Amino acid sequence: MTEFEKYIQRYLNLIPSENWLEEMKIVCNQTLEIYQSLTEEQSNFAYAEGKWTLKTLLEHLTDVEKIFHYRALRFARKDQTELVGFDEENYAENGTANQQELSTLIEEFHLNRLLSLVFFSKLTSEQLAQKGKANSNELSVETIGKLIVGHNIHHLNIIKERYLPHLKF
């Protein structure tokens, strides 16, 4: 197993069932539930110096999903152009999450997830199996969809373990 395969496997292992499209809906609802329970002040919380705020984390989830969705679209359409990687830290540093209202970030996350759900659910088995290269690594469209789910679960776990215990509700 390559280092890349080990890296993505940690996300894939978090998905609790084989029905990853259903899990995509479930984790979306869990994310929305947490974020909708936060005040504006709470959403600006970072659990340690140099860590992202909850707003930045939500924007990160949305940004990564957009990039993954784009990759999946390209691969599903048999575009064999190799795609470059991206630096999540650079995206976070240059994002606008902390200048946005929490409700705007929640709406963007939700609409983006709805778009992903429609897109992935209409793909044929052939399209889901289609592969392409991103950041020098080969991925199938289905694996990209599953990574959206696992990545979201990973960050929900971090929110529950490192952020929420410090907030008063």
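**Helix packing and an aromatic link**

There are six aromatic pairs in this structure, where a pair means rings of Phe, Tyr and Trp (its six-membered ring) with centres within 6.5 Å. One of them joins Y47 and Y163, with 4.9 Å from centre to centre and 85° between the planes. That is an edge-to-face pair, the label used for planes over 60 degrees apart, with under 30 degrees counting as stacked and the rest as tilted. Y47 belongs to the loop between α3 (40-43) and α4 (54-76), Y163 belongs to helix α8, and the two are 116 residues apart, so distant parts of the chain are linked here.

A quick word on ground rules. The model is predicted, so local features need pLDDT of at least 70 and side-chain atom pairs count only at pLDDT 80 or more, while totals for chains, interfaces and linings use all residues. Residues are numbered from 1 along each chain as its sequence is written, and side-chain values use heavy atoms, with hydrogens and water left out. Helices are DSSP runs (H or I, at least four residues), as are strands (E, at least two), numbered from the N terminus.

Now to the helices. Start with α2 (residues 20-36) and α8 (residues 141-163): their axes come within 10 Å and cross at roughly 30°. The axes are lines fitted to C-alpha atoms over the stretch in contact, and angles run from 0 to 180 degrees between N-to-C directions. That makes α2 roughly parallel to α8 (under 35 degrees; over 145 is roughly antiparallel, 65 to 115 roughly perpendicular, and the rest oblique). Residues of α2 in the contact (heavy atoms within 4.5 Å) include W20, M24 and Y35, and those of α8 include I148, L156 and K160. Sorted by class, the α2 contact with α8 has 11 nonpolar, four polar and four charged residues. Nonpolar covers Ala, Val, Leu, Ile, Met, Phe, Trp, Tyr, Cys and Pro, charged covers Asp, Glu, Lys and Arg, and the others, Gly among them, are polar.

Helix α2 also packs on α6 (residues 102-121), at an angle of about 175° with the axes 11 Å apart. That makes α2 roughly antiparallel to α6. W20, M24 and Y35 turn up in this contact too, among the residues of α2, and α6 brings residues including F109 and F120. The tally for α2 with α6 is 12 nonpolar, five polar and two charged residues.

Helix α6 in turn meets α4, with axes within 10 Å and a crossing of roughly 25°. The two are therefore roughly parallel to each other. Among the contact residues are L58 and H69 of α4, and F109 and F120 of α6. This contact divides into 12 nonpolar, four polar and six charged residues.
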